Amino acid sequence: MSEVYQAERTISAVLKEQKQVDDVIRRLLDRGVPKDHLSVMGRNFQSETRISGFITKRDVILGGLRTGAVFGSLFGSFLSLLTGVGVLFIPFVGPIVAAGPIGAVLLGAASGAIAGSAGAGLVSVLMALGMPEEKAAIYQTRLQAGEFLLMVEIPSDRTGEFQLLLESAGAEEIHTSDKILDRPCTGLCKSPEDLSPEIRAHLSEEAQQVFIKQYNATLTETSDESTSEKSAWDVVHQQFDEDEKGIFSKQKVSV
């Protein structure tokens, strides 16, 4: 029986080219890192599809994209291997493609720290994840310049192994923090308090209960948290519409 992957730290790094990111992602997956512990952000992803109208949080859901316009051939390559691909506009940086659990964090922050042009942009979000302000500012600047930010959640006792892997791939500005990204639930959700803040913030109390019920039902059947989260969001979207604040609170009327 294989060991359970226990993520305890997040190691982050900048990569200059998409080819490097693709290579590193595949190497990390080969080393046993689950895809839902990998996050990538960047502006200049190659695409066969022209994207127009980079968008607000209303166009993004935590389990992926609600509209098919920016999916499939758009992301190709390694992004199709990761969970929760989304696109949103971040002040001071511009339109960002975010793949992996960082997408959920950014979406949750879209109504807070990164929403206003006078805010601290991505820096404030990264600082909340345990990064020093100086390092977070460097990451934001490098993203602005068209480079890529990779974040990998790792076991503490494998920190050296993954740092060497990133260094050998040409990664720069490597940083390790003792925090990992919030998850909606670890195991079954017993109450709304078990939901991560960014999920809770986008659901009314009634929608939270719907989310939890469906999440638990799917998790009991599949033991897969990613599948359970997607199933929960699908049911929320079937039963609720968003209000003007982007919160799923309007019960749909059955025809």
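Here are some questions and answers about the predicted model shown above.

Before we start, residues are numbered from 1 along each chain as its sequence is written, and side-chain values use heavy atoms, with hydrogens and water left out. Since this is a predicted model, local features need pLDDT of at least 70 and side-chain atom pairs count only at pLDDT 80 or more, while totals for chains, interfaces and linings use all residues.

Q: How many helices and strands are there in the protein chain?
A: Helices here are DSSP runs of H or I with at least four residues, strands are runs of E with at least two, and both are numbered from the N terminus. Going by that, the protein chain holds nine helices and ten strands.

Q: What share of the residues of the protein chain counts as buried?
A: Let's set the scale: buried is under 20% relative accessible area, exposed is over 50%, and partly exposed is in between, using a 1.4 Å probe and protein chains only. The chain has 255 residues, and the buried share of them is 49%.

Q: How much of the contacts with a separation of 6 or more comes from residues 24 or more positions apart?
A: A contact means heavy atoms within 4.5 Å. Among the contacts in the protein chain with a separation of 6 or more, the share from residues 24 or more positions apart is 66%.

Q: Which strand pairs with β1 over seven bridges?
A: Strand β1 covers residues 9-15, and six of its seven residues are buried. Two strands pair if DSSP finds at least two bridges between them. β1 has four antiparallel bridges to strand β8 (residues 172-177), where I11 has T176 as its bridge partner. The seven bridges, also antiparallel, go to strand β7 (residues 148-154).

Q: Is S39 buried or exposed?
A: S39 sits in strand β2, residues 38-42. Leaving aside neighbours within four places in sequence, S39 has contacts that include A99, G100, L149 and L181. Its relative accessibility is 1%, so S39 counts as buried.

Q: Which residue has the backbone nitrogen that the side chain of S39 reaches?
A: I102 is one of the residues in contact with S39, along with others including P101 and M151. At 3.1 Å, the S39 side chain reaches the backbone nitrogen of I102.

Q: How far apart in space are P95 and R43, C-alpha to C-alpha?
A: P95 belongs to strand β6, and at 23% relative accessibility it counts as partly exposed. In sequence, P95 and R43 are 52 residues apart, but in space their C-alpha atoms are separated by 6.5 Å.

Q: What kind of aromatic pair do F211 and Y215 form?
A: Rings of Phe, Tyr and Trp (its six-membered ring) pair if their centres lie within 6.5 Å; planes under 30 degrees apart count as stacked, over 60 as edge-to-face and the rest as tilted. The structure holds three aromatic pairs. With 6.2 Å centre to centre and 10° between the planes, the pair of F211 and Y215 is stacked.

Q: Why are F211 and Y215 separated by about one helical turn?
A: An α-helix has 3.6 residues a turn, so residues three or four places apart point the same way. F211 and Y215 are about one turn apart because both lie in helix α8 (residues 205-222), with a spacing of four residues.

Q: Why is the pair of F211 and W233 edge-to-face?
A: F211 is buried, and so is W233. F211 lies in helix α8 and W233 in helix α9 (residues 225-239), so the pair ties together parts 22 residues apart in sequence. The ring centres are 5.5 Å apart, and the pair is edge-to-face because the planes are at 75°.

Q: Which residue joins the side chain of R158 through a polar contact of 2.9 Å?
A: R158 is in the loop between β7 and α6 (159-168). Leaving aside neighbours within four places in sequence, R158 is in contact with Y5 and R31. A polar contact is a pair of N or O atoms within 3.5 Å; within protein, one must be able to donate a hydrogen and the other to accept it, and residues adjacent in sequence count only if both atoms are side-chain atoms. At 2.9 Å, the side chain joined to R158 is that of E161.
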